[in-house]
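Hi,

Here is the structure I promised to pass on.

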Amino acid sequence: MRKSHPVRRAVLAGAATVSGIVLLLSLKPASDPDSASAAGGAAPPVAAQSPQGGRGAGSGTVTGDAARTQYGPVQVRVTVSGGKITRAEAVQAPKGGQSDQVTADAVPKLNQAAVAAGNADIDAVSGATYTSAGYAKSLQSALDKAAAAAGSNAGSNAGAGAAEEGAGAGQGTQVLTGDAAQTQYGPVQVRVTVSGGRITDVEALQAPKGGRSDQVTADAVPKLNRAAVAAGNADIDAVSGATYTSAGYTQSLQSALDRAGG
């Protein structure tokens with residue numbers, strides 16, 4: 001009988017220990033509120049703030065503010081679709097003298113870099129530091145405007161998309177691309193923005209390039225763009241020294257305006 005007492009005490013002590021462990025495990029979730037958030041409670045807010053979300057990302061074409069540089073202004077227009085940059089282009093860039101060559105070389109590279117990066121965090125093009133800095137600054141302002149307008153302009157952006165297919169001529173804002181006109185030195189293709197029945201912007205999506213054509217294009221296209229906006233139609237004078245480019249430009253411009261209903 002005496003030998004059974006230590007065993008009995010050991011059994012009782014073990015039972016008490018097990019009971020204590022069970023009690024502690026049952027109380028741990030209530031005493032450690034941070035463990036739930038550490039295990040995933042913070043994940044939903046992060047996902048909700050993700051810039052890749054399809055809702056509110058918006059689509060449209062936005063022009064950034066002109067950025068002043070030592071050699072002239074740089075201004076970028078960006079096209080955003082589903083929250084991604086699908087096209088970037090410089091509507092203004094330094095010109096005249098050596099700047100023509102620098103612009104012709106740097107701007108296409110900057111355009112490609114912006115689309116590839118999806119933001120304004122792009123590397124400067126060698127030999128075009130000032131142009132690159134102005135480009136990035138104007139690009140960022142365009143992206144800021146696109147983000148700000150994403151929610152409020154959802155309906156108008158949808159209307160603009162329909163207008164691009166030729167619907168609703170003469171109403172709202174339309175962005176229409178003309179047919180590519182073949183010239184002796186290469187194709188010329190024009191995109192026109194019409195708002196309230198008036199041309200508000202014109203740009204050349206394609207123009208002759210390579211060799212002498214780079215200089216001719218850099219000099220002629222900005223003049224043709226301004227002339228088209230000023231005239232409000234395709235009846236514009238050819239730029240001296242760029243007869244073929246001018247003819248292709250007006251042909252593509254007219255086809256774009258025809259889609260807009262004249």
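Leaving aside residues up to four places away in sequence, Asn111 touches Ala88, Glu89, Ala90 and Tyr135 (contact means heavy atoms within 4.5 Å). Its side chain also makes a polar contact of 2.6 Å with the side chain of Tyr135; that term covers a pair of N or O atoms within 3.5 Å, where within protein one must be able to donate a hydrogen and the other to accept it, and residues adjacent in sequence count only if both atoms are side-chain atoms. Asn111 has a relative accessible area of 16%, so it is buried (under 20%, with a 1.4 Å probe and protein chains only).

Before I go on: this is a predicted model, where local features need pLDDT of at least 70 and side-chain atom pairs count only at pLDDT 80 or more, while totals for chains, interfaces and linings use all residues. Residues are numbered from 1 along each chain as its sequence is written, and side-chain values use heavy atoms, without hydrogens and water.

Asn111 is found in helix α4 (helices are DSSP runs of H or I, at least four residues, and strands are runs of E, at least two, numbered from the N terminus). On the α4 side, Leu110, Asn111 and Ala114 make the contact with α5, which contributes Thr131, Ser132, Tyr135 and Leu139.

Over in strand β6 (residues 186–195) is Gln189. Gln189 is buried too, because its relative accessible area is 17%. Its side chain makes a polar contact with the side chain of Gln206 (2.8 Å).

Cheers

Note on methods: Buried < 20%, exposed > 50% of the residue type's maximum accessible area, 1.4 Å probe, protein only.
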